[in-house]
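Subject: The two-chain model

Hi there,

Here is the structure I promised to pass on to you. Have a look at it first, and then read on for my notes.

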Amino acid sequence: METVFISNLKAFLDIAAEEMELYVPERSGERFIYNRYDSSGRKQVDFNNIRAGTSVKEFLFPVRELASVTPGRFEPDELRPFAVFGLQQCDIRSMSILDKVFIEEEFEDRLYTARRKKMFIISTDCTEPGESCFCNLFDGRGFVESGFDLNVSEIKDGFIIETGSSKGKDFVDRHSELFGEVPAVLLSLRDKNRAGTQKQLEQQNAELRFDRTIREIVESSQEAEVYDEEAEKCIECQACTRVCPTCHCFYLYDEKRKDYFTKMKMWDSCMRYGYAAVAGGANPRKTLGDRLKHRLLHKFVYFMDRYGIEMCVGCGRCVDADAGGIDLRQVLKELSEKAKSQAYPLQGDKPAKGG
Amino acid sequence: MNRNLYQPFGCEIVDIIDESATIKSFVVVPEGDFKFETGQFVELTLPGEGEAPFTPSSSPAVTDKMEITIMKAGSVTNLLHQCTKGQKVGIRGPFGNGYPIEDFVGKEVYIVGGGVGLAPIRSLFLTLVDRIGDFKSVVCRYGVRRPEDFIYKKALFGQWQRIDGVDIKLTVDEADGEWKDNVGVVTTILSKDDVDVNSAAAVVCGPPVMMKYATLKLLEFGFSPERIYLSMEKNMSCGVGKCGHCMIGKYYVCKDGPVFTYEQIKGYPKIWD
């Protein structure tokens with residue numbers, strides 16, 4: 001790890017955009033969305049002190065993409081290298097979760113890895129966490145220590161750039177004329193800012209301190225009516241799963257083109273009625289309450305059992321996006337209360353249910 | 001480098017056999033070197049229309065062609081039924097884990113099936129009878145709704161019944177004038193004395209409701225959940241444990257199954273729905 005200083009962010013981004021397709025966050029209403037970087041200077045670059053409204057998965061796992069062609073065969077193209085500026089700790093953590101699913105050794109999804117390998121990650125520090133942010137429940141602290149190529153911290157009169165990989169270091173070395181040394185006083189200022197973010201996260205989520213792990217809370221409250229009650233607010237818009245940086249359900253569908261056929265890979269949502277239905281008509285999760293429960297069980301129990309990590313980073317995007325008003329933090333709080341008041345045994349202790 | 005997981009390879013339909021009013025068997029020849037284990041499944045693509053999962057019904061020992069028995073149940077299977085000899089389809093797979101044949105060696109294998117569930121069972125049955133001496137016996141209990149719904153009729157009522165070490169009993173939910181055998185759902189022909197419940201391996205495959213009641217019956221007989229093997233049917237799309245549709249608890253049916261022991265999945269919600 002090496003740190004350098006730059007006062008002019010535009011100069012840094014211009015150079016990056018010369019080497020790679022560069023995407024940057026732009027303010028749009030009360031949130032940030034990603035757009036291709038425009039080096040003409042007509043647009044001001046907004047340094048995002050909070051994660052963008054859309055998630056990083058869109059760069060790696062687009063809403064809809066070509067998966068195969070018939071006749072013949074489709075192997076994902078060699079993409080041009082691209083860079084994303086402004087990813088934050090929650091985004092980086094979500095990528096490590098998606099990696100587990102899509103880069104399993106014998107089942108590597110080359111549509112995903114083709115993009116992942118070409119991605120240059122320029123993360124930024126989160127200094128203004130949103131009201132819905134609760135990443136501190138999942139080891140989030142608002143800044144990254146690994147999983148990035150370069151990290152940018154906004155600081156008095158400029159920016160501290162830290163290298164996080166050999167690719168990142170090469171970039172800084174190649175353009176050493178742009179960068180200066182970081183005065184020690186600015187590094188301690190960065191530490192102070194980071195500590196401020198952590199403090200804010202802890203304060204705003206003080207009510208989310210549970211006496212059990214989230215996994216235990218969700219696993220032990222499967223009979224709770226909380227799911228059905230919460231699901232009454234759900235309008236099945238599926239926004240929660242779309243904005244979620246870790247939700248990765250998809251389906252494959254076939255299309256006729258002019259003189260060939262394709263298979264497309266498109267996002268799906270476990271909140272959708274027919275999601276798990278089979279052609280014979282069986283559907284294990286007909287009610288919204290059952291689907292909401294499955295969503296939480298997948299995130300906090302099943303994924304943990306399989307990969308050793310929760311499938312949630314506490315970014316709060318689902319809270320912001322939910323048209324019906326389901327707040328994951330509130331659901332967890334209610335489940336925690338239920339678990340406490342009814343002293344549910346853990347699932348493994350329960351007798352098997354025949355149906 | 002791994003190949004693209006979602007790319008089907010070509011596969012020609014070389015013969016079509018009418019099994020019943022709603023079920024046909026398709027004999028297909030996949031391009032290249034295609035091998036599977038009994039109980040594994042494939043995704044069959046009708047180009048431009050869609051894809052659906054099926055467990056081959058032929059023996060894996062036959063490697064130059066493969067049979068897939070398909071019941072009309074939804075949009076893709078309806079279109080597959082309209083396919084003709086010589087037509088090209090696509091195939092991905094094989095996927096998942098099949099039956100643990102080696103674990104059955106030296107034991108009685110107790111097969112309970114219903115309806116089109118006989119398709120995967122046929123593949124298993126042919127695999128077992130190929131080396132019948134390795135198993136104590138193969139005891140098969142199979143039921144369909146009406147006599148005309150039986151599939152693989154010729155073998156089922158003839159050749160298979162004559163194999164030494166094989167014991168087959170059949171039933172129908174509703175009889176017609178010709179039917180002289182048992183009437184009732186498949187659990188009515190299961191008996192505690194069919195096999196030694198303390199050592200036999202039970203295999204259950206059929207419609208979900210039949211699997212549920214057959215499993216409960218086997219438990220009642222004293223089968224331990226570790227020795228009840230279930231072929232689970234769920235919505236499956238990717239086949240490689242990613243897309244999420246087929247989850248039963250932490251398991252992906254497509255990758256960890258489709259064959260599970262009841263012990264593995266009994267604690268999870270809605271396994272029969």
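Predicted model: local features only at pLDDT ≥ 70, side-chain atom pairs only at ≥ 80, totals over all residues.

**Domains of chain A**

Chain A splits into domain 1, residues 3-207, and domain 2, residues 214-346. Their C-alpha centres are 26 Å apart. Where the two domains of chain A meet, domain 1 brings 33 residues and domain 2 brings 28. On the domain 1 side, E4 and H3 of chain A each provide at least two residues, and H3(A) gives the most, with 8 residues. Sorted by class, that side of domain 1 has 17 nonpolar, 8 polar and 8 charged residues.

**Contact between the chains**

The contact between chains A and B involves 44 residues of chain A and 40 residues of chain B. On the chain A side, at least two residues each come from strand E4 (64-70), helix H3 (89-102), strand E9 (250-256), strand E10 (261-267) and helix H10 (288-307). E9(A) gives the most here, with 7 residues. The chain A side is made up of 22 nonpolar, 9 polar and 13 charged residues.

**Strands in chain A**

Strand E2 (residues 21-28) of chain A pairs with two strands that I looked at. With E3(A), residues 31-36, the pairing is antiparallel and runs over 6 bridges; within it, Pro25(A) has Tyr34(A) as its bridge partner. The hairpin of E2(A) and E3(A) has 2 residues between the strands, and Gly29(A) in this hairpin takes a positive phi near 65°. With E5(A), residues 82-87, E2(A) runs parallel and is joined by 3 bridges; here Glu21(A) is partnered by Phe82(A).

**The sheet in chain B**

Chain B has an open sheet of 6 strands in the order E4-E3-E6-E1-E2-E5, with antiparallel pairing. Which strands stand at its edges? They are E4 (50-54) and E5 (66-71) of chain B, and because each has a single partner strand, one side of each is left without a neighbour in the sheet. Neighbouring strands of this sheet are turned by 40° against each other on average, direction ignored. Inside the order, E3(B), residues 41-46, and E6(B), residues 88-95, pair in the antiparallel sense over 4 bridges, with Phe41(B) and Phe95(B) as bridge partners.

Best wishes

Key
Residues numbered from 1 in each chain as written. Chains lettered and ligands numbered in written order. Pairing = 2+ DSSP bridges. Axes fitted to C-alpha atoms, helices over the stretch in contact; angles between N-to-C directions. Contact = placed C-beta atoms within 7 Å. Nonpolar A, V, L, I, M, F, W, Y, C, P; charged D, E, K, R; others polar. Domains from an automatic or database assignment.
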